[in-house]
Amino acid sequence: MINNQPMGFSFSLLLFLASFPVILAQEGTRATISIDGTIAVAVIDDNFICATLDWWPHDKCNYNQCPWGYSSVTNLDLSHPLLAKAIQAFRNLRIRIGGSLQDQVLYDVESLKAPCHPFRKMKGGLFGFSKGCLHMNRWDELNHLFSRTGAIVTFGLNALYGRHQIRKGVWGGAWDSSNAYDFMNYTVLKGYKIDSWEYGNELSGSGVSASVSAELYGKDLIKLKDVVNNLYKNSDLKPSLVAPGGFFDKQWYAKLLQVTGSGIVNFVTHHIYNLGAGMDPNLVNKILDPHYLSKVSETFSNLSQTIQQNGPWASAWVGESGGAYNSGGRHVSDTFVNSFWYLDQLGMASRYNTKVYCRQTLVGGHYGLLNTTTLVPNPDYYSALLWHRLMGKVVVAVGSNASPFLRSYAHCSKGRAGITLLLINLSNQTDFIISVQNSMDMRLTVEENISGENSFVRGLKRSVSWVGSRASDEPMYREEYHLTAKDGNLRSRTMVLNGIPLELTEDENIPNLDPVRLDVNSPLYINPLSISFIVFPNFDAPACA
């Protein structure tokens, strides 16, 4: 948003200058980032960012903590003004409805013959809970929210309805599609827009509490595709079919694609919780360890190969990812430090042609993008919003001679010319002076001789064209979004953008996310334990044409 107040501009500039104390004191480590804008290495969806709504009731607890409150599909306060504002800020936020209890949900349509009660704790039930109910008046309310906020909806269907347990953890028998059919028919008759229907949750491979063989699962998907084709035969837009929504098992996934054949599954979903248990005291160390973060690339690579070999008509989604499982890590998943993991995941997933990345959760647990009680955005919300606004569909190659602690990802900019570079500095000591080069040999950032604090400050003041949306006299510039933790506390729930804490406005609106605009030839500094989006509007990138 525009800020034309000279006093506000001066104050923002001072805050920005104040964000470089280490650099003023000593020269940083120089590194070169080379961007190849000639070829697209991958392409993601326009609405790559996705967040989930889960089914967990308020008494879902882990490690003597019960962090879900009233955040479930069935009891979330849909009238809370912050909820609508948080979704609308994305213009089109993709929302996936699903989770562990998904395969125990009954849809309270007229043909349902069984009782339809809320989830309750039950010994011997899957995940310790009984079957639960989605009443159609609640479904109406949810769709009214989605309609007025522009949400793009994926709904996860119950894949165990009619089945029985044949041995511990393994379910067999035929899937009864009647309840799902009637629910989907109700949705169609009401005119509710569903972008995609997902089938089942974490039933792949050995499953989580329950599993179904790939052969049975594949046959079910063929049946479900017929249901979708029948119900939407008179519709201009036909929802996609998404599956299996589980943890990647190479043999199981390959078999599923072989059984279903061409054109049945549009998007292959897998779940990622690569940080381990939420109670792990080493969560922060894992997040800041570049070698640990890179381990999950093997999963992305193997899934990509499996799809190419067995179902090249389909594309990959991350259908659910919360970093740490069992509701996330307390004082970790909802704080600034988690954005190092989250944004690195978004960058890595994109490189492997992942079309959509669904964050567990929009609200609920410790890992919600919004605070479970107040719905005030947590730091990762702003990370997601900046990615959504800045990073375009086309992924380009980026190389670096920096240490592994500086992670780098580059995309064509969203909705404009040029390239956007994401830099993640995991080091707690090293501040980098970055030289960005075009592989076509166009140098974008020149190294400057920094002799001392005074000359640096004077040079930086000369190079700052504007903060926010003020007009610039400089024809060649870049835009910088530097993210840090408030007061340097990595476990702060407040993220700082260019020296300004990101907090709701007085009217309880999402704050502006304004860049600092700099001459393209000025030094590019990346502080320790910081994250930066750098936009180069004049970057010559044929892949972005």
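Me: What should I know about the numbering and the model before reading it?
Reply: Residues are numbered from 1 along each chain as its sequence is written, and side-chain values use heavy atoms, with hydrogens and water left out. The model is predicted: local features need pLDDT of at least 70 and side-chain atom pairs count only at pLDDT 80 or more, while totals for chains, interfaces and linings use all residues.

Me: How many salt bridges does a search of the whole structure find?
Reply: Side chains of opposite charge can pair when their charged atoms come close. A salt bridge is a side-chain nitrogen of Lys or Arg within 4 Å of a carboxyl oxygen of Asp or Glu. The search finds 13.

Me: Which residue forms a salt bridge with Arg96?
Reply: The partner is Glu198, with the closest N and O atoms 3.0 Å apart. Arg96 lies in strand 3 (residues 94–97) and Glu198 in strand 9 (residues 196–199), so the pair ties together parts 102 residues apart in sequence. Strands are DSSP runs (E, at least two residues), and helices are runs of H or I of at least four, numbered from the N terminus.

Me: Are Arg96 and Glu198 buried or exposed?
Reply: Buried means under 20% relative accessible area, exposed over 50%, and partly exposed in between (1.4 Å probe, protein chains only). Both Arg96 and Glu198 are buried.

Me: Where is Thr494?
Reply: Thr494 is in the loop between strand 21 (477–485) and strand 22 (495–497). Thr494 is buried, with a relative accessible area of 16%.
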